[in-house]
Every structure is written in C-alpha cells, then in structure tokens.
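Have a look at the model, then work through the points below.

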Amino acid sequence: FLSVEINYPSEFLQNWDDIKNRSSQDRERNFTVYQLVKLHNKIFAGKHTNVIEFGTDRGGGLTTISKFIKENTNVYSVDSFGLHADEIKRNVSKHDEHYHGKYMPFTKKTRFKDFSYIQMTENLNKILINKKSKLETLVGYFPNLKKEDMDKIFSLKFSFVHLDFDLYKSTIDTFNFIKDRLENNAIILFDDYNLINQEGVKKAVQDLKIDLDKGIQTQSGQLILFN
C-alpha cells in the first residue's frame, strides 16, 4: 500500500549495470553517491574543485564520481588496493568486530585478485580528460602515504569527500585530515555508518563528536554531512 518506487535516471542505471559486479555498494548506496555528485555540481557550478574518495576498493563508487562529476574537478583516490593488508590488520580495533579473527578482505588474494588500480586510473582518466579534469590514485595505508603523495593533497580544499574505509581508526584518521580542508558547503559522505557489520564507523563518528544535526542518515546506512 505504501511501497516506494523510484524512477532512476537512465544514465544512473547504465552506470550501475557497468559497475555492479565490482562494487562493494548496493544500488541504493551507489544512487546516494550519484545524487550527491549531482548536488555538488550545482553547488559548485563554474568553480574549480577537488574531490576525494578514501577507500576506493575496485572502483565502483569512484567510477560513479568520475562519470558524473562536473568539469574542472581534480579527483583523488586513496586506497591500499590489497598492498598493505598486514598494516591494516594490525590496526583493526576492538570496535571492528567483523574483522577480528582470520577474516580480512583487503588483500591481493581476496578482494583485489586480478585487479589493477593502474588500469582503473587509466580508464577513468579517459573520461575525465574530456571534462578538463584528472584522477590521481594514491596507494598506501592512510595516513602513511609516500611523502610525495601526501604533499599532493595536504594543501588542498575539498568540495566532496567520500569516506569508505570501513574501520574505526581509518575513519578517525581520514576525518581528522579533511575536517580543516573543506570548502564552504562541502559534502561529506560516510559509507557504512549504520551497517551492522561495520560498527567501527559509527563508533568513530561518535568519538569524533560530529554533530549529527548537520547531516542526514539514509535508509541504506550512510551518513551525509554538510560543511
């Protein structure tokens, strides 16, 4: 009787068909990314902008950002891409119960088997170059990036931030990095905020004392904040 029916834009559905087999998000969470990118484009129309995604995985969300972001936007991607799994494992906290024990998806043998972040970057830059934009992929366990990579983002202001590192400490570290590097009216999207197998994200938001009245919680488990 009170069911919901969304008329998804055809461009979103075409993109979802392209990325769904390599996305860690479901369709609803990816639709949130799509809508926020569109909103971002309206807010910052005519301006040069920088956007960043922490936790790119195999590039589903990043592809959505790159396809629909406006012109003159530099895109930055930060992830370990399976190359720093041992360091991630050492930093799993008591709040990350889903990742205790032997289970760890962030490895070259599991999630990133047969995946090339270099090829992903090349493919997305073919899209972005037509929009006078560029993607730079920074590989490492944040914030322990190579100095030259950290220098690329250290002095920037960001208009859209996608935080998708899953874990308590990583969420703390990324938010503390970006909180003073946000444009006025910037959009910050926390993935996994209300997901039952990613409890560390919500605990991190609580410990950061983020004012939830400045944001929106989605039915698909995300938290959206506005600067």
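Helices (H or I, at least four residues) and strands (E, at least two) are DSSP runs, numbered from the N terminus. This is a predicted model, so local features need pLDDT of at least 70 and side-chain atom pairs count only at pLDDT 80 or more, while totals for chains, interfaces and linings use all residues. Residues are numbered from 1 along each chain as its sequence is written, and side-chain values use heavy atoms, with hydrogens and water left out.

**The second largest pocket**

- β5 (182-190) and β7 (223-226) each put at least two residues into the lining of the second largest pocket.
- Its volume is about 190 Å³; a volume is the space filled by probe spheres set on grid points, which are joined across faces, edges and corners.
- On a 1 Å grid over the protein atoms alone, a pocket is an open set of points with protein on both sides within 12 Å along at least five of seven lines, a cavity is a set where a 1.4 Å probe fits but cannot get out, and lining residues have an atom within 4 Å of a point.
- Lining residues include Phe175, Lys179, Ile210, Asp211 and Asn227.
- By class, that lining has 6 nonpolar, 1 polar and 4 charged residues, where Ala, Val, Leu, Ile, Met, Phe, Trp, Tyr, Cys and Pro count as nonpolar, Asp, Glu, Lys and Arg as charged, and the others, Gly among them, as polar.

**The largest pocket**

- The largest pocket holds about 440 Å³ of space.
- Its lining runs to 28 residues, with Asp57, Tyr99, Phe106, Asp164 and Asp166 nearest the centre.
- That lining splits into 11 nonpolar, 9 polar and 8 charged residues.

**The cavity**

- Searching the whole structure turns up 1 cavity of 30 Å³ or more.
- The largest cavity has a volume of about 70 Å³, and of its 14 lining residues, Ser24, Thr56, Gly60, Gly61 and Asp164 sit closest to the centre.
- Helix α3 (residues 60-68) gives the most to this lining, with 3 residues.
- The cavity lining has 1 nonpolar, 9 polar and 4 charged residues.

**Where α1 meets α2**

- Contact here means heavy atoms within 4.5 Å.
- In α1, Glu11, Phe12, Leu13, Asn15, Trp16 and Ile19 meet Arg27, Asn30, Phe31, Tyr34 and Lys38 in α2.
- The residues of this contact divide into 6 nonpolar, 2 polar and 3 charged.
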